[in-house]
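Let's walk through this model together, one question at a time. Have the sequence and the 3D view ready.

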There are 2 protein chains.
Amino acid sequence: MKEMRYFYVPDAGRQTELPPDEAAHALRVLRLKAGDEFFLMDGAGSFFRAELTVTSAKRCMYAVKAVLPQTKTWNGHIHLAIAPTKMMERMEWLVEKATEIGFDELSLLDCRFSERRQVKTARLEKIVVSAVKQSRKPWKPLVHEMTDFKTFVESRQKGRYFIAHCYDDVPKEDLYDKLTKHSGNEDVTVLIGPEGDFSIEEVNFALEHGCEPVSLGASRLRTETAGLLAVSMAQLAFRIRTNETDLK
Amino acid sequence: MKEMRYFYVPDAGRQTELPPDEAAHALRVLRLKAGDEFFLMDGAGSFFRAELTVTSAKRCMYAVKAVLPQTKTWNGHIHLAIAPTKMMERMEWLVEKATEIGFDELSLLDCRFSERRQVKTARLEKIVVSAVKQSRKPWKPLVHEMTDFKTFVESRQKGRYFIAHCYDDVPKEDLYDKLTKHSGNEDVTVLIGPEGDFSIEEVNFALEHGCEPVSLGASRLRTETAGLLAVSMAQLAFRIRTNETDLK
């Protein structure tokens, strides 16, 4: 049985043509022809069953045969705000894995001890789209450009904000306990610092602005591992069970 | 403040000399001299405070000043048995991250649909040691050579065995629920299949040999992501809280 192909097409329901890179893949790698069926993902909650109608050397026109609205598999909104690591490949893996496991939004923080002040978000975006397709996520996580730490903290939106830090003298609670025990608000943002941690001034600034100080457990984790563990904790805390009857 | 150095020395308490690679690092990179202090990790539950006594061009003799027995931060024994991915770098990342987050044993499975039948475990072992040092783990996870799937299942040791698979028609329960709700036995082995999943014969063989069928949730995950999520679930289910009083 041939596996169905998925293409990522923003606003797929109102478009009639695959974007150039997806068209190139459809024509040159998959060798699709007029009449072949495939799925489109709009990254905004819908899949579409579609048929290739007309192709040229580089273009693919399609017609939507069915709209397939998807349902969310977790509650609330999981937002990871992290200081990018010096080695970009560690961030690339983080966004791939976080997308697979499931999250909603990525912010990049420019912190006092950051070892990286510039990030090509276009490349991260590309990895996110690839992981969205591979793991069949109906919603594509948002990726933001790098923001100054204080600006990010001051502009905080709705939901609960947590800051993970390693200072022994600033009391903190376990993130997973916080997420599971005080439920009801499932819009969360978790701030993860750079390799050298947040500065103590940054931690205090965040606390003054309503962030709750948290720990991710007893392990000493690299930045990107902390980011993925935070996403995994939120995912485990907020996931929606579709097969409750199976679970004893 | 200069951060303390950690060296990995199996049986450190009974040795008096750093292994060649650690000695080279101590001499050429860290430029340690006689009288300098550092920590040793034996990978078996103890740290040691030690002092460099005599150095030559390539050798470092040390004297242990204090034995520092460590305490476990999770209960039971977390054993991941996984079919290695085609791309070895995905396995390398998995062992690094699983070591950081915390697990006890890694087995590599040769399955019917495996895309990789040979693995240089020496390289994985090196990555595990590096992650043990970086994340300061008192116990080094065991790494085994590749085993045939059926041989592995038949030779099963103590504890509970779980097999994660994607077949819709074989009932399965959620791994995290299994780990948290039926507590008491915290020695677990989780089997994760290759990119093309276990064969249905392999799943049935495992079930006949007492494995419990499980799911890792609604997400479609890559092999290495499934492995890490399984380890994260076991870690969250079995971790020991040292600061219970902090937790409300």
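Q: Which residues of chain A does UniProt list for "domain: Ribosomal RNA small subunit methyltransferase E PUA-like"?
A: First, a word on conventions: this is a predicted model, in which local features need pLDDT of at least 70 and side-chain atom pairs count only at pLDDT 80 or more, while totals for chains, interfaces and linings use all residues. Residues are numbered from 1 along each chain as its sequence is written, chains are lettered from A and ligands numbered from 1 in the order in which they are written, and side-chain values use heavy atoms, with hydrogens and water left out. UniProt positions follow the numbering used here, with feature names shortened, and annotations may be inferred rather than shown by experiment. The entry, which is unreviewed, lists residues 18-59 of chain A.

Q: How far apart are the end C-alpha atoms of residues 18-59 of chain A?
A: Helices (H or I, at least four residues) and strands (E, at least two) are DSSP runs, numbered from the N terminus. Over this stretch chain A is 24% helix and 36% strand. The end C-alpha atoms are separated by 7 Å.

Q: What area do chain A and chain B bury between them?
A: The size of an interface is often given as the accessible area lost when the parts come together. Here buried area is the accessible area (1.4 Å probe) that two parts lose on being put together, summed over both. The contact (heavy atoms within 4.5 Å) takes 38 residues from chain A and 38 residues from chain B. Carbon and sulfur atoms carry 47% of the buried area, which is about 3,300 Å².

Q: How many salt bridges does the rule find across the interface of chain A and chain B?
A: The rule asks for a side-chain nitrogen of Lys or Arg within 4 Å of a carboxyl oxygen of Asp or Glu. One of the pairs is A:R90 with B:E96, at 2.8 Å from N to O. Over all chains the count is 46, and across the interface of chain A and chain B it is ten.

Q: Which element gives the most to the side of chain A that touches chain B?
A: The elements that give two or more residues to this side are helix 2 (88-101), strand 9 (173-174), helix 5 (175-181) and helix 7 (223-238) of chain A. The one that gives the most, with seven residues, is helix 7 of chain A.

Q: Which residue forms a salt bridge with A:E115?
A: A:E115 is partly exposed, with a relative accessible area of 43%. A:E115 lies in the loop between strand 6 (105-110) and helix 3 (121-134) of chain A, and the partner, 29 residues away, is in the loop between strand 5 (77-82) and helix 2. With the closest N and O atoms 3.9 Å apart, that partner is A:K86.

Q: Which elements of chain B do the buried residues of helix 1 pack against?
A: In helix 1 (residues 20-29) of chain B the buried residues are B:E22, B:A23, B:A24, B:A26 and B:L27. They pack against strand 1 (6-8), strand 3 (46-55), strand 4 (60-69) and helix 3 (121-134) of chain B.

Notes. Buried < 20%, exposed > 50% of the residue type's maximum accessible area, 1.4 Å probe, protein only.
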